[in-house]
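This briefing concerns charged side-chain pairs and a nonpolar surface region. The sequence and structure are shown first, and the points follow by topic.

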Amino acid sequence: MPTLTKLYTMEEASQHNTKDDCWVVIDGKVYDITPYLDEHPGGDDVVLAATGKDATDDFEDAGHSKSAKELMQNFCIGELDTSAPIIPELEIASKKETANYSRNLMDLTKQYWAVPVAIVGISVVAGLIYLRKK
């Protein structure tokens, strides 16, 4: 069944991620909430953090009231095109973050290897001193 609303891809929606031009995707619908940013009770930072992805979970987790959900309908500009491919940049970014985390962990272990070695060394010396006194 054809839809009467305009279809947007996630890539299109993610390009509108500033205070002057802010779109969010919630429950498969695209909302241009730019005029509402200053009035949002949680502040514009919360909303801007939810751009560029499906913000349904963020919206539901915030516990919005029924009146907030009704008000949101005024800002609906279309629906998410689910047939469009997922943004490849987002997948690459998440892989980079994982690789970056692994690299940071390895750097930390290289940097702080002396602490466990010192503990083992002190334990060995203490054990030898104890055995010599016997």
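Three salt bridges are present in the structure, which is a predicted model. K19, D38 and D44 are joined through such bridges into a network, while K69 and E60 form a further pair. A nonpolar surface patch is also described, to which V115 contributes.

- The side chains of K19 and D38 form a salt bridge with an N to O distance of 3.0 Å. This pair connects distant parts of the chain, 19 residues apart: K19 sits in the loop between strand 2 (17-18) and strand 3 (21-26), and D38 in the loop between strand 4 (29-32) and helix 2.
- K19 also forms a salt bridge with D44, whose closest N and O atoms are 2.6 Å apart. Here, too, distant parts of the chain are linked, since D44 belongs to helix 2 and K19 to the loop between strand 2 and strand 3, 25 residues apart.
- Side chains of opposite charge can pair when their charged atoms come close.

**Accessibility within the network**

- D44 has a relative accessible area of 16% and is therefore classed as buried, the cut-off being under 20%.
- D38, by contrast, counts as exposed because its relative accessibility is 65%, and exposed means over 50%.
- K19 has a relative accessible area of 40%, so this residue is partly exposed.

**The surroundings of D44**

- D44 lies in helix 2, which covers residues 44-48.
- Leaving aside residues up to four places away in sequence, D44 touches K19 and L37. The contact with K19 accompanies the salt bridge between these two residues.

**The pair K69 and E60**

- The side chains of K69 and E60 meet in a salt bridge at 3.9 Å, N to O; the criterion is a distance within 4 Å.
- K69 is partly exposed, as its relative accessibility is 34%.
- E60 is likewise partly exposed, with a relative accessible area of 40%.

**The nonpolar surface patch**

- L108, Y112, V115 and I119 make a nonpolar surface patch of about 400 Å².
- V115 is located in helix 6, spanning residues 114-133.
- The relative accessibility of V115 is 48%, so V115 counts as partly exposed. Membership of a patch requires over 30% relative accessible area, and V115 is one of the residues that make this patch.

Terms used. Residues numbered from 1 in each chain as written. Predicted model: local features only at pLDDT ≥ 70, side-chain atom pairs only at ≥ 80, totals over all residues. Heavy atoms only, no water. Helix = DSSP H or I, 4+ residues; strand = E, 2+ residues; numbered from the N terminus. Contact = heavy atoms within 4.5 Å. Patch = residues over 30% accessible without salt bridge, like charges linked within 9 Å, V, L, I, M, F, W, Y side chains within 5 Å. Areas by Shrake-Rupley, 256 points an atom, 1.4 Å probe, with all protein chains shown as cover. Buried < 20%, exposed > 50% of the residue type's maximum accessible area, 1.4 Å probe, protein only.
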